Amino acid sequence: MLRVVSWNINGIRSPLQGVANEEPNNCTAMAMARILDKLDADIVCLQETKVTRDVLTEPLAIIEGYNSYFSFSRNRSGYSGVATFCKDSAMPVAAEEGLSGLLATQNGDVGCYGNMDEFTQEELRALDNEGRALLTQHKICTWEGKEKILTLINVYCPHADPGKPERLAFKMRFYRLLQIRAEALLAAGSHVIILGDLNTAHRPIDHWDAVNMENFEEDPGRKWMDGFLSNVDCQAGYHVGAFIDSYRCFQPKQEGAFTCWSTLTGARRLNYGSRIDYVLGDRTLVIDTFQASFLLPEVMGSDHCPVGAVLSVSSVPAKQCPSLCTRFLPEFSGTQLKILHFLVHLKQDSVRKQSTLQLSNQTQVQMRQNKARMRSARPRASQAGSIRGQKKLMSYFQPSSIHPQASPNLELPSLGTLVTPKTPEDKVMAKVVEGQVKASKSKDEKEVQISFWKSVLGGPLPMPLCGGHREPCVMRTVKKPGPNLGRHFYMCSRPRGPSTDPSSRCNFFLWGRPS
């Protein structure tokens, strides 16, 4: 059996923090290995890693028992990115970054690009420079004993921001490029699995609030998926596209099967989300080899949950990793250039030795001269004592010759006439009274300081109660550009949901005080 899992981890270091909190002594490599073991898959595809090559560390990239492949964003740091971890028993025969072939190294690439004449070179490079696609090609053996080629396309498709229409056009061009590459691989005789975050909920059943969304079916992304995918019923003879949504093939009517939830509204607690993560397979592969397709909503660590599938095939590992494998990166393979490689060597060794010898001789002569000057200039011990006026040690043990002489005509009053003798009880009472006075003074000073700061700092006002549940609200800040940008407001703290659900958020809204 071959088990594949896909997970948008929303930053590859986010799940590691949770593992580190459970076991603080774990290093990064052990934490990453534990996550991979928890997913229990032969091939793990991760999206939205949010790392670039300059911040990728060896413990994160090289895990014992696995070979890994990364695609980085070349435009922004901490943005996008995908990674594929394969067990050594499922080592790919080829690996490639990007869909267009412009990032191919011509050594261990997958190939089969199709006709991309409708794209310009600049457009292809822009689509691949965000680090959204990674291909690994594997040899598999069917239960009949036949060896075949399987290509996995790990994708993180763009999100279409409603306020940025150019991103919708970018997303649709990415979809088109993905389709051309996948169909070209199919035409070349390879089976194909597309898995990852497609950033589109295909059917109304895949979104909790589809009935209230305007023109849900008319969304360009959903229109594209309609043409790209076959009918979800595997037994039906009618189909359009070459690929099948494997989860809907096994669970065509399962409601509430979501893979992404808003962390801002706490929607995961009430399961108000959408299904935008998929495992798509070519029709023949899904019908003949897929045994199950599943979601793992119990796995935390991201705003997405993992999805996966099980195939009734076995992997035939390659003899060695493709060149794209992270263990071959210079910074991890021990072949990284050192700073000495950038220093220029002198051509004439004799000149260098001679100059070095002269420099050493001059240095020795100068050191001798400096020592001679220091000896001649240093004062002797007897002279030093006389010059500085330093006393001898014995002078501190001799009686001083200077004594204060009292005037014989001065009469001092007796002590008894000035001070009244005190009993031990009087002394104790005096100390007690003195302590009480000091304590009262410090207490008064402290109360004055507290009253002063209370008058200056009033403290935060109590949160208002929402109208629907009479519970404390949460404060939010307007981030949308406009006249209210930066203003605070209060809203119900419960997770978002339909108005018919009393446990979901009510419609309470209140503007905060202007700062």
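The protein chain has 13 helices and 18 strands. The model is predicted. Of the 515 residues in the protein chain, 39% are buried. Among contacts in the protein chain with a separation of 6 or more, 67% are between residues 24 or more positions apart.

- Two packed helices are described by the angle between their axes and the distance between the axes.
- Helix H4 spans residues 121-128 and helix H5 spans residues 165-187; their axes come within 10 Å and cross at roughly 95°.
- H4 and H5 are therefore roughly perpendicular to each other, since angles of 65 to 115 degrees count as such.
- On the H4 side, the contact is made by Glu123, Leu124, Ala126 and Leu127; on the H5 side, Phe170, Arg173, Phe174 and Leu177 take part.
- The contact of H4 with H5 comprises six nonpolar and two charged residues, with no polar residues.
- H5 also packs with helix H6 (residues 220-228), at an angle of about 10° and with the axes 10 Å apart.
- This angle makes H5 roughly parallel to H6, because angles under 35 degrees are classed as roughly parallel.
- H5 contributes Leu168, Met172, Tyr175, Arg176, Leu178 and Gln179 to the contact with H6, while H6 contributes Pro220, Gly221, Trp224 and Phe228.
- By class, the contact of H5 with H6 contains seven nonpolar residues, two polar residues and one charged residue.

**The sheet S16-S17-S18**

- Three strands, in the order S16-S17-S18, form an open sheet with antiparallel pairing.
- Strand S16 (474-477) and strand S18 (509-511) are the edge strands, each pairing on one side only.
- On average, neighbouring strands of this sheet are turned by 30° against each other, direction ignored.
- Four bridges connect S16 and S17 in the antiparallel sense; Arg476 has Phe489 of S17 as its bridge partner.
- Strand S17 (residues 488-491) is joined to S18 by three bridges, and these two strands run antiparallel.
- Phe489 stands opposite Trp511 in S18, and the bridge partner of Met491 in S18 is Phe509.

**The segment after S18**

- Pro514 is located in the segment that follows S18.
- The relative accessible area of Pro514 is 77%, and Pro514 is therefore exposed, as the cut-off for this class is over 50%.
- Pro514 and Arg487 are separated by 27 residues in sequence, and their C-alpha atoms are 7.3 Å apart in space.

**Ser315 and its surroundings**

- Ser315 belongs to strand S15, which covers residues 314-316.
- The side chain of Ser315 reaches the backbone oxygen of Ser89 at 3.5 Å.
- With neighbours within four places in sequence left aside, Ser315 is in contact with Leu2, Ser89, Ala90, Lys139 and Ile140.

Technical notes: Residues are numbered from 1 along each chain as its sequence is written. This is a predicted model: local features need pLDDT of at least 70, side-chain atom pairs count only at pLDDT 80 or more; totals for chains, interfaces and linings use all residues. Side-chain values use heavy atoms; hydrogens and water are left out. Two strands pair if DSSP finds at least two bridges between them. Axes are lines fitted to C-alpha atoms, for helices over the stretch in contact, and angles run from 0 to 180 degrees between N-to-C directions. Buried means under 20% relative accessible area, exposed over 50%, partly exposed in between (1.4 Å probe, protein chains only). A polar contact is a pair of N or O atoms within 3.5 Å; within protein, one must be able to donate a hydrogen and the other to accept it, and residues adjacent in sequence count only if both atoms are side-chain atoms. Contact means heavy atoms within 4.5 Å. Angles under 35 degrees count as roughly parallel, over 145 as roughly antiparallel, 65 to 115 as roughly perpendicular and the rest as oblique. Ala, Val, Leu, Ile, Met, Phe, Trp, Tyr, Cys and Pro count as nonpolar, Asp, Glu, Lys and Arg as charged, and the others, Gly among them, as polar.
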